[in-house]
Amino acid sequence: MQTQSFIINKIISLLVALNAYFEHSLLYRGVCAIKKAARRSYFLTGFLSTEYRDYRQGSFLMRFIDFISVSALMIFAWCVRAVAKANESGVNKRIYIYLKKSPPSIFLLKMILGCVPARLIKWFFSDCQTRVKTAPYKIIYMLFLCGTLTIPDSLWNNVYLLLSAVAFAALFAVKYALNNPVSHTPRPEFAFPIPPSLVLFILFCALSIFTGYGGADSARVFVIFFACVVHSVLVTLTIRNRDDLRLFIKFIAAALAVTALFGFYRWITGIPIHLEHTDLLTNPGLTRMYATMGNPNNDAKAWAMLIPFAIAAAVAVKCDKKRVILAGIIALSVAAFALTYSRAGYVALLAGVGVFVLMSTPRLVPVAVVLLVPAVFFIPAGVIERLLTLGTDSSSLYRFNIWRGAWDMLRDYWIRGIGMGPAAFTQTYANYYHGEAWRALHAHNTFLDIFIHSGIGAIAAFLAYLFRLVKRGVSAHMASADKEYKVLIAAGIASLVVFVVFGIGEYVWFYPRVMLVFWMTAGLTAAMPSLSKETLS
């Protein structure tokens, strides 16, 4: 049968090709084995013997089953005849030959990538000067990491984080084994990227499970923490050349755009006012935006750590059209970030952007300082009012009391810690609280929380790890003359500065996906110093 539709002819030819693959597949042999066993089954052959024929013919159920089976066979026979007739034409024969030489998945992929949206996406994520050479498994991993940021909080489960760490670690291990035979020298892109300070930090955190009071909850939090660290190492293994770095940062920019748009969608449709997020006595009627993280402070932390990379992409990209798109993404993200009304976030992002400007284009520092004063008059009134309540509202006073209680805890547990997780902190803090802050899940200070949870060894190892990241990044920045490279490293250092400043007033790691954002950016920053000279992937 020759049809007039070119697409239908291709679909028919594809069915023929798939049928040919099926007849030689392991699945087909398994079906044949089951059929053979069924024919030898005493139960089945006995049930279908002659003595049951009258019952089968008189039963409504059996007649219905016979009708369905006969109809299905007739439809299947018609499809076979249609495919056989359609395959007789010359065009379908050529398509069939092409499909035999090229897998159907590649054929379908070419059809999909030929559409206009796919070409636009390919244009945005490709490089203007060189063709992107990033391996497919790396692209899948980048898509997954950035895709996790766009999942609404109601649909998120921490199990996804754990399973993905195991799955991608196994994938990278297989790639390492395939690319590093015993008789050959290991390839540079799989160099082990775990510094001793990070190993010590992990060990001290693991030890606090047994020396603290959290029990199963401490073990749960440590597993989530360890999964994030695994992803950090995998990010460092993924970024092995400039193409990988550019592509990953563009994925980050795309994730920022999606989450910001989702935040504005929630803002337009109506976000309820939560008393735990806002002091209505000092900020009556204030609605704080949040997107996918379920809390305005969580979204502010993630956006503040990722926005420097979007700024770096806009500065470093060579194509003016892409620069305009990235500038729009930055404006959208900053607007969404501002509507979270996170005061610690405002200070942290301002510090991060200041460090970025200082490192990437130091000549603009005087200009930025001069423009900062008139820029204050363009800041929305709600943001100014929110900043003016810093230190005077109930949220700030509550936090000061928590810090006092946390310092009292630290005097007793500074050596071994109390164990990771909110269960250990809540149980211990009940004996040290001040004022009305009688209940708290954490100390509202990232470094104080690490100290209390896992002891002096953990905080010392973590500070050494941060110092190493910053030192290597600054050294590579000063040693390089490549402007694009210096801008990208400046973004990594700026993201770390955002984390440090934000961590003074918030426990950044309380929400697992925000913890993942930090370790993702830390792995990205750790990979940059090795890119001063291009390596092959």
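A crossing is left-handed if the near helix is turned anticlockwise from the far one by less than a right angle, and right-handed if clockwise. The model is predicted: local features need pLDDT of at least 70, side-chain atom pairs count only at pLDDT 80 or more, and totals for chains, interfaces and linings use all residues. Residues are numbered from 1 along each chain as its sequence is written, and side-chain values use heavy atoms, with hydrogens and water left out.

I looked up the geometry of this pair next. The axes of H13 and H15 cross at roughly 45° and come within 9 Å. Axes here are lines fitted to C-alpha atoms, for helices over the stretch in contact, and angles run from 0 to 180 degrees between N-to-C directions. H13 and H15 are therefore oblique to each other. The cut-offs are under 35 degrees for roughly parallel, over 145 for roughly antiparallel, 65 to 115 for roughly perpendicular, and oblique for the rest.

Then I listed who meets whom. From H13 come Lys-250, Ala-253, Leu-256, Ala-257, Ala-260, Leu-261 and Phe-264. They meet Lys-322, Leu-326, Ile-329, Leu-332, Ser-333, Ala-335 and Ala-336 in H15. Contact means heavy atoms within 4.5 Å. By class, the contact of H13 with H15 has 11 nonpolar residues, one polar and two charged. Ala, Val, Leu, Ile, Met, Phe, Trp, Tyr, Cys and Pro count as nonpolar, Asp, Glu, Lys and Arg as charged, and the others, Gly among them, as polar.

**H13 again, with H14**

I stayed on H13 (residues 242-269) and turned to H14 (residues 296-316). The two pack at an angle of about 125°, with their axes 9 Å apart. H13 and H14 are therefore oblique to each other. Their crossing is left-handed. Ile-249, Ile-252, Ala-253, Leu-256, Thr-259 and Ala-260 of H13 touch a set in H14 that includes Trp-303, Leu-306 and Phe-309. I sorted the residues of the contact of H13 with H14 and got 11 nonpolar, one polar and no charged.

**H16 and H22**

Which way do H16 and H22 run relative to each other? I took H16 (residues 343-360) and H22 (residues 483-505): their axes cross at roughly 155° and come within 8 Å. H16 and H22 are therefore roughly antiparallel to each other. H16 passes H22 in a right-handed crossing. The contact includes Ala-344, Gly-345, Phe-356 and Met-359 of H16, and Val-487, Ala-490, Val-501 and Phe-502 of H22. The contact of H16 with H22 holds 17 nonpolar residues, three polar and no charged.

**Whole chain**

I stepped back to the chain. It has 23 helices and zero strands. Helices (H or I, at least four residues) and strands (E, at least two) are DSSP runs, numbered from the N terminus. Of the 537 residues, 46% count as buried. Buried means under 20% relative accessible area, exposed over 50%, and partly exposed in between (1.4 Å probe, protein chains only). Among contacts between residues at least 6 apart in sequence, 78% join residues at least 24 apart.

**Single residues**

I checked the cysteines. The structure holds zero disulfides, a disulfide being a pair of cysteine sulfur atoms within 2.5 Å. Cys-228 counts as buried, at 0% relative accessibility. Cys-319 is buried too, with a relative accessible area of 15%.

What does His-231 touch? His-231 lies in helix H12 (residues 216-238) and is buried, at 1% relative accessible area. Leaving out residues up to four places away in sequence, His-231 touches Tyr-141, Phe-144, Leu-145, Leu-161, Ser-164, Ala-165 and Leu-516.

Phi of Tyr-341 is near 55°. Tyr-341 is found in the loop between H15 (320-338) and H16, and is buried at 9% relative accessible area. Phi of His-444 is near 60°. His-444 lies in the loop between helix H20 (422-429) and helix H21 (446-479), and is buried at 16%.

My last entry is Leu-200, in helix H11 (residues 196-211). Leu-200 is partly exposed, with a relative accessible area of 43%. Leu-200 and Ala-461 are 261 residues apart in sequence, yet 6.1 Å apart in space, C-alpha to C-alpha.
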